Amino acid sequence: MLILIIFILICLSIFMIYSFIPAYISKQRFFKKEKPKGKVIYLTFDDGPSKYTKELLELLKKYNIKATFFCVANFAKEQKEIIEKMKKEGYLIALHSLKHKNSMLQGMYETKKDLENSLKIMQELGIDIKYYRPPWGDANLYLLRKLEKENIKLILWNVMAEDWEANTTEEIIANKLLTRVKEGHIICLHDGRGKDEAPSRTIKALEIAIPIFLEKGYKFKTIDEYES
């Protein structure tokens, strides 16, 4: 029994050092960063591209808004036409892992292959990745070191609207955006995955929120301008 307890404690210690503590520290560092001044906000989308992304791009084009898309590499490979449209229309394309797996539960080898395969796919699509958002915002120690080595910046968010939930509506999402977003905030929404056609509600919520943000004098910029 004592040996079992010691073994469990060792495993917990390894998990804390390798996954939990690095994830916690990286989040705290990002959230405490000084935000850009002025009426500027940064619209970002995770988990795509998907069948909804084309409609989202048309909405953004309608209002002449640029955004950053944190793409799942395997989804990008399946949606090459959408990726080309993003590139042509000047959206910033960033990375959101290979298959949307939580790195806190990945060992070093799996983390290494995930990032390397992701970067290879994106390079084949003509995209030089400079920004990365880990699924659920969780990054293990190896991933953080690997990103630093590749000169890729970790990007999280300041505001979410829980747009992936099944029991939400476009009105609820829009209201969360309009009440939570402040100057210099990075907004995290989703153009893929989610429950019960979730990205469709997100698009409808933006139809409500974007004109109001513009009326209030907000400008929408991409993450490379946030980091410049």
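Helices (H or I, at least four residues) and strands (E, at least two) are DSSP runs, numbered from the N terminus. Keep those labels handy for the tour. What you have open is a predicted model, where local features need pLDDT of at least 70, side-chain atom pairs count only at pLDDT 80 or more, and totals for chains, interfaces and linings use all residues. Residues are numbered from 1 along each chain as its sequence is written, and side-chain values use heavy atoms, with hydrogens and water left out.

**Stop 1: the largest pocket**

Select α1 (2-31), α6 (141-149) and β5 (153-154): each of them supplies at least two residues of the lining of the largest pocket. A pocket here is an open set of points on a 1 Å grid over the protein atoms alone, with protein on both sides within 12 Å along at least five of seven lines; lining residues have an atom within 4 Å of a point. The volume is about 460 Å³, counted as the space filled by probe spheres set on the points, with grid points joined across faces, edges and corners. By class, the lining has eight nonpolar, two polar and five charged residues (nonpolar: Ala, Val, Leu, Ile, Met, Phe, Trp, Tyr, Cys and Pro; charged: Asp, Glu, Lys and Arg; polar: the others, Gly among them).

**Stop 2: the second largest pocket**

Now pick D47, H100, W136, W164 and H190, which lie nearest the centre of the second largest pocket among its 13 lining residues. About 220 Å³ of space lies in there, and the lining splits into four nonpolar, six polar and three charged residues.

**Stop 3: the cavity**

The structure holds one cavity of 30 Å³ or more (a cavity being a set of points where a 1.4 Å probe fits but cannot get out). About 40 Å³ of space lies in the largest cavity. To find it, select its lining, including S97, K101, Y132 and L143. The largest share of that lining, three residues, comes from α5.

**Stop 4**

Color β1 (residues 40-48) and β2 (residues 68-71). They pair in the parallel sense over four bridges (two strands pair if DSSP finds at least two bridges between them), and D46 has F70 as its bridge partner in β2. On to β3 (residues 92-95): β2 pairs with this strand in the parallel sense too, over four bridges, and L92 in β3 is the bridge partner of T68.

Is β2 covered on one face or both? Both: T68 and F70 on one side and F69 and C71 on the other are all buried (buried means under 20% relative accessible area, exposed over 50%, partly exposed in between, with a 1.4 Å probe and protein chains only).

**Stop 5: salt bridges**

A search of the whole structure finds 13 salt bridges (a side-chain nitrogen of Lys or Arg within 4 Å of a carboxyl oxygen of Asp or Glu). Zoom in on K112 and E116, whose side chains meet at 2.9 Å, N to O. They sit four residues apart in helix α5 (residues 108-124), so about one helical turn separates them.

Next, jump to E162 and K176, where the closest N and O atoms are 2.9 Å apart. This pair links distant parts of the chain, with E162 in the loop between β6 (159-160) and α7 (170-180) and K176 in helix α7, 14 residues apart. Both E162 and K176 are buried.

Finish with E58, K85 and E89, which are linked in a network of salt bridges.
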